[in-house]
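Have the structure open as you read.

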Amino acid sequence: MGTGIMALDSLLNSPRKLTRGLLDSHLVESLLTPNPVERYVGMIDPVWSRRDVRAKVVAVERQTPRSVTLTLEPNSNWNGFEPGQHVGVTVEIDGRLTTRFYSPAGAAAGKGLELTITRHPGGKVSEHLADIAAPGMVVGLSPAEGEFTLPSTRPDHLLLISGGSGITPVMSMLRTLCAEGHDRPVTFLHFARTPQDAIYARELQALGEAHANLNVVTVFTREGTKPQHLTRATLKSICPDYLAAETYVCGPNALVDAAEKLWKRDRNADRLHTEPFTLPEPTVVAADATGSVTFKRSGIAVENDGQSLLLQAEQGNLSPRHGCRMGICHTCVCRVESGTVRHVRTGEVKTLNNELVQICVNAPVGDIEIDL
Amino acid sequence: MPKTATKHTGAVADPEFQLTPEQLDLFGEELDALRERVLDDLGQRDSDYIHNILNAQRGFEVAGRGMLFLSFIPPAWIAGTISLSISKILDNMEIGHNVMHGQYDWTQDPRLDSTQFEWDTSSPSENWKDSHNYQHHTHTNIVGKDRDIGYGILRMSEEQPWHPYYLGNLLYATLLMTFFEYGVAMHDLEVERMVSGEISFADKRKEFDNIWTKVRRQAIKDYVLFPLLAGPMAPAVFAGNFTANIARNVWSFMIIFCGHFPEGVEEFTEEETENETRGQWYYRQILGSANLTGGKLFHIMSGNLSHQIEHHLFPDIPAHRYAEIAVEVREACARFGIPYNTGPLHKQFGSVVKKIARLSLP
Ligand code: FES
């Protein structure tokens, strides 16, 4: 009885909880059936959702000509992130919802969510955001994920290396450490093309001045007479005892590869943690059948023989739902987690990333993972 | 009076519309090219369109239910009922039917995902997608395979042998029209095959459970919860919801029956349609469908099923594109000498009624 009154009391004192409780109730569900509550609440508040994570853009800053920094305010379904992790950002482009992954750059405990997105030529989402992001815009988010994170017992010696837009996850680590009052040595080594391209330059300088344990070095790869890259000599000059440091590297493949080679040669690979960012470009264009088809839900994998996904599933003794087998009825649509398909009639090749596809008229090109 | 198959055939045997296989291939290639052109062009315009319709539907729904609560003012009851009817018609036709065809799967929007979408009617989307998208759209107007011919209740074709039961054809049609949502929901049970002993109830247990759950949910919403919430207005809300459901039923029945049963629409036999080429398949879809003429609003309210011919050619292209596509389809049909059946609602529906009446007799 007493607890009941208390619960009621706290509900009444918190209009948000009350609304939430009401919108989650069976009664509301039965009244709105067959539609989800979102369909109606979305008319008033497009950020609200029962389960999905969505966020509103509250600030937009263009630090460099090629980048845009967004501050997002996620809805209550957002569970935060660990520095170094990434989140999927979904926006509508030409009528299609399109998702790309970005690493938040802010401190983990900070308010809001800061993303710095660098324009990649041909990169749909980055160009879209760089062009039109404005306060008030609503984007979809996926929960943060990724293993590229600091251990909870912070290491005694840290080396954070980044290249270009790969700065964001390590920036998040650095800001988190500073906010925690971390007082052991941290070396922050960043490679940017030119001073105009250096994201967070001013803040890094200020942090370096404010924290005696922090050594910030920025190397410009396209300045001077010859290009500068990650070599043992650079490392030794900047961080002489780098072999003893727990090292985190994020950047273009070339940078990550170089680091991996160096650390392997030193037999020190255990200390190295890397996060390459691969551009989300269609990787396979050849129409020949290679790789394997993985049916995720059934835990079966078959060698790709170039036939339609439906036929290959059936040969693997699965019986996916289907109807016409000729691309009309959409009974057979399934979600492809990742992979490339070719339309058997039109020859159109598409790279899919968690998207629906008609399996009766699409054949895999290379490895594919499908939710079947 | 048994009739022979050749009397009604289109695609293969009818000398009147005979096209050579080469012509049919050419025709098929033209339509394939048209299809690719439109698919490539899908974009923001289509997404904006369907979201506008979704907004309108929600607006009508909220306004309709709201006004019904104010039924003590008589005009509010009328306006509320009309508004709710419009909401249900938009939900079922321009949104539900079309989304479940996968017309908007390309948007990747979970709200428009054909595998997830559920509509405001008694028929569960899951069952409906099978009987409609697959059986009806693939086997359009093939007597014995397309169960939309008469819904297992009516005699809609001379090919269906007459039985004294069919003396009630017009009566059954009227009942089906009034309670169309339940007719559509029961469609998947294949009651006629249960009656003939071909299948047993146990074979359809899963479908039945699905249907029952959905029917119950819909009924609880419209006939119990909303009336109860209205307190003293309960009877008025009940009546408004009931009327809106019936209005939706009658309207969708009319549009759907005008799609395949007006005078001049062809039927086919299984033998004729074996090993069809793409051209032949397109050809059968055109001969087996009929359009309705009307203004823009009429097309929206019919879910663009007024462009039944274009819908059957390209069932997964967003339906609001059919009006543009129709111009090219008509032109191609004229060039190839393929009949293109179209007319205003009163004329097409009149001929459907005539057909139902005529077929009640042997
Ligand atoms: S089975 Fe009909 S579209 Fe694939």
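## A buried pair across the chain

In this predicted model, B:Arg147 and B:Glu190 form a salt bridge, with 3.5 Å between the closest N and O atoms. The two residues are 43 apart and link distant parts of the chain: B:Arg147 sits in the loop between α4 (125-138) and α5 of chain B, and B:Glu190 in the loop between α6 (180-186) and α7 (191-195). B:Arg147 has a relative accessibility of 12%, so this residue counts as buried, and B:Glu190 counts as buried too, at 11%.

B:Lys204 is buried, with a relative accessible area of 11%.

## Within helix α8

Now for a local contact. B:Asp209 and B:Arg205 form a salt bridge at 3.3 Å between the closest N and O atoms; both lie in helix α8 of chain B, 4 residues apart, about one turn of the helix. Both are partly exposed: B:Asp209 at 35% and B:Arg205 at 44%. Elsewhere, shared partners join B:Arg147, B:Glu190, B:Glu192, B:Arg193, B:Glu198 and B:Lys204 into one salt-bridge network.

## A nonpolar patch

On the surface, B:Leu171, B:Leu175, B:Phe179, B:Phe238 and B:Phe242 form a nonpolar patch with about 470 Å² of accessible area together. Helices α5 (169-178) and α9 (234-260) of chain B each give two or more residues to this patch. B:Leu175, found in helix α5, is partly exposed, with a relative accessible area of 46%.

Methods:
Residues numbered from 1 in each chain as written. Chains lettered and ligands numbered in written order. Predicted model: local features only at pLDDT ≥ 70, side-chain atom pairs only at ≥ 80, totals over all residues. Heavy atoms only, no water. Patch = residues over 30% accessible without salt bridge, like charges linked within 9 Å, V, L, I, M, F, W, Y side chains within 5 Å. Areas by Shrake-Rupley, 256 points an atom, 1.4 Å probe, with all protein chains shown as cover. Salt bridge = Lys/Arg side-chain N within 4 Å of Asp/Glu carboxyl O. Buried < 20%, exposed > 50% of the residue type's maximum accessible area, 1.4 Å probe, protein only.
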